[in-house]
Amino acid sequence: MPGIFPSRRDNRKSPSSRQSIMWLLGLLLLVFIVGMLMLSSLNLNYSREALSELRRQQISEVVIGGLARINARQSALASYTITLANVGESFHEMVVNGFPGTDRSVLRDRLEHSLKSHFQDFEGASGAGLWFEPGVLSDPDTSYMPYFVQGTDGGLELMDTAGRFDHYRDAPWYSRTLNPGWANESPGSGNVFWSTVYFDLNTERALLTLASPMYDRDGNLLGMATTAWGADQIVDLISRITVTENSFAFLNDRNNRNLSSLSQGEDSLEEQALIDAILAQNLAAESSRQPGSETTEILTTRAISVTGQDYELYFAQTRAGMVYGAGVPQSEINAVLLPMERINYRILMGTVSAMLLLSIYLLYRIIQLIRELQASYTDALTGLSNRARLLRDLQNQRAVTLFIINLDRFSQINSLFGNDCGDHVLLAVANRLLDFAGRVRKRGMKVYRLPGDEFGILVPAMEPANAHDLAGKIRDLVTVDRILWQQQRLAVDVSIGIAMRHERRAEDAADQLVSQAKVAVLQAREQRRHHLLYDPDVGIEENYENNLYWANRLKEAIDHDRLVPWFQPIHDNQSGRITKYECLVRMVEPDGSVISAGRFVDIANRLRLNRRITELMIVKCFACFAERKEEFSINLSYGDIAEPETVGRILAALESSGIGDRVIFEILESDGISSYDNIDAFIEQVKPFGCRVAIDDFGTGYSNFSHLLSLNVDYIKIDGSLIRNLHEDHTAFLVTSGIVQFARSLNMRTVAEFVHNEEVQSRVQELGIDFSQGEYFSMPLPNPDYRIDET
């Protein structure tokens, strides 16, 4: 509905700058956290790799230790077998060279006895034998093959090998031990060949046979020496090797058959799954090592996964061509990292938490600072940018046009309806200006709330005609609809001042354009126009500078005691003598020149320095007339009388000096008296000291005869604007005559000011005015030493 105050909304600008700062700070915090995470991850990965490598090295050392134990056991078994081969070779040598023609049965008994003795020394052996080629210690078509086995009662039994097979190549161990082409190899004693594990039906045991060839001096093959060992010995050895708590050890023969129970516990299904997974790897195929060869113990590693758990395999080939190894759960390898990971996690979380708390605090403080900064540039009532922001924007722009919108008679609205109503009106105008700026969509248009009842609109530079057109639209916007306040429809009008700047100079003050626009507002009101463009030729701005100049000079004069009283004689028209002096303040410049009060008294009143000047005049005038007999008058403004501290100083001076009966206080009637009660109270306070009171400049302004009747006044000083033209202006003569008659009726004496020639003095005397002062008698003097010629 037109005229109704629109609902209030947030008038603040979109805080894009604040959001940008917040996003930037959040991004920095995110980068820091990501950087910390990456640094922690790199540190953890490096530590994991280092510790994992150390852990794997420890595991490798344990596995190599087990491998060394196995190789040592297998070396012992090989040594036993080589010993038997040496026995067979030595015995053959003795038969050939030492005991020729000896009965073979005797020789065999001796050999079998020696074989049995060695067998008894081979702890854990299941069998031992010497297998000779046909014709060696036997007939050419038969083989001598003594072979002892462990009996069921623990004793040693000689097996009847001849009844079982014709040649030792037919024995079960032969095909499992020797390669088909082994006979083509270079002959030499000390070689040992290992069989795969096989099940011996005679002993009903899983056996492992070692075979070592026997040769004569000429390198002719004599046969084979063998030892048989139970596979459980190797398995028991494997089972006693522990790498980690949940690890397992394994041993596979050359044919990729498992010889161990894995030492894995009671879960047979899991053990079988592990055995199957290891056998599936066919680890024996990766090594070209021949059984019995000497080589360094180098481990190979491989990762496998069984039933959802990851393992690392460490394995190597033994002297017997078997594959020994251990499987370690990956979790146990990583277990050593858990404490470090927990410590690293705690450090990371602690650091991130501390930085997060610090960042939150910094963000909070920055938000507070942003809010304070925004508040310093924002009007609290309307949310618009304030004067400080306007000055800052003016500094940052070169060519601009400024509109100052001043609400007419706004003080009356506050007086009639209260400050809440005034705030309501300001908000309504602010919203209308904001809506207008949004509708016009002129690039760079900004609205500001200035102190008091003023608003500002800043736009890029435009032509004067366009500025006047825009000012008219702004006024129509504010005044077209009335503002509703508690069922009252308030009419608001504005005066608009326009100031333009086409190029900013370095010497231009930041508020120069604001001052120019305000000058235009004042000019618009004086000329009763709605809006006006500032004209630099008017010179009001120079007057402001002049006021500032005189304000500084006045303060300096007070500080250096260069304000002094001058004295203008007052002529008694009855006696024809100078009987009184009016004390007038003057400013003495450092060069000795004297400046009259008219140059600085208005500035003094505006700066509230008139109280200080009055106090100085009281002190200096009382001191000057303390030893004289003339009466003297001192000017007082209504502000002096209304100030208790100033009145107190006057009363103290009267009491201490004792010259109150020669003091006249002149009260300026044109000074805007707002309460005659204060004047009446002052008169009642000074009368007891013998002081008299005069009303100065009577006849100007709104002279109130009714109030004058209630005051105990002694003199009326008729204003100079009436006296100056008294000799040629009949109206002034009639008005002055009326004042004189009025004063006589109240028993008051009269004083004519600005008597500047003899014709005016004649008229003054004609009207019966009691006293005269002015240029005709004397201008103000630095000392009250004027004497009239009595003759």
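Glu93 and Arg217 bring their side chains together in a salt bridge, with 2.9 Å from N to O; the term covers a side-chain nitrogen of Lys or Arg within 4 Å of a carboxyl oxygen of Asp or Glu. Glu93 belongs to helix H1 (residues 16–98), while Arg217 sits in the loop between strand S6 (205–215) and strand S7 (221–230), so the contact ties together parts that lie 124 residues apart in sequence. Helices (H or I, at least four residues) and strands (E, at least two) are DSSP runs, numbered from the N terminus. Arg217 comes out as exposed, at a relative accessible area of 71%. On this scale, buried means under 20% relative accessible area, exposed means over 50%, and partly exposed is what falls in between (1.4 Å probe, protein chains only).

This is a predicted model, in which local features need pLDDT of at least 70 and side-chain atom pairs count only at pLDDT 80 or more, whereas totals for chains, interfaces and linings use all residues. Residues are numbered from 1 along each chain as its sequence is written, and side-chain values use heavy atoms, with hydrogens and water left out.

Searching the whole structure turns up 23 salt bridges. One of them pairs Lys518 with Glu454, at 3.7 Å from N to O. Here too, distant parts of the chain are linked: Lys518 is in helix H12 (residues 512–526) and Glu454 in strand S14 (residues 454–460), 64 residues apart. As for accessibility, Lys518 is partly exposed at 30%, and Glu454 is buried at 10%.

A further salt bridge joins the side chains of Glu589 and Arg553, with an N to O distance of 2.0 Å. Glu589 falls in the loop between strand S20 (577–588) and strand S21 (594–596), and Arg553 in helix H13 (residues 540–559), so parts 36 residues apart in sequence are tied together by this pair. Glu589 is buried, with 14% relative accessibility, and Arg553 is buried as well, at 13%.
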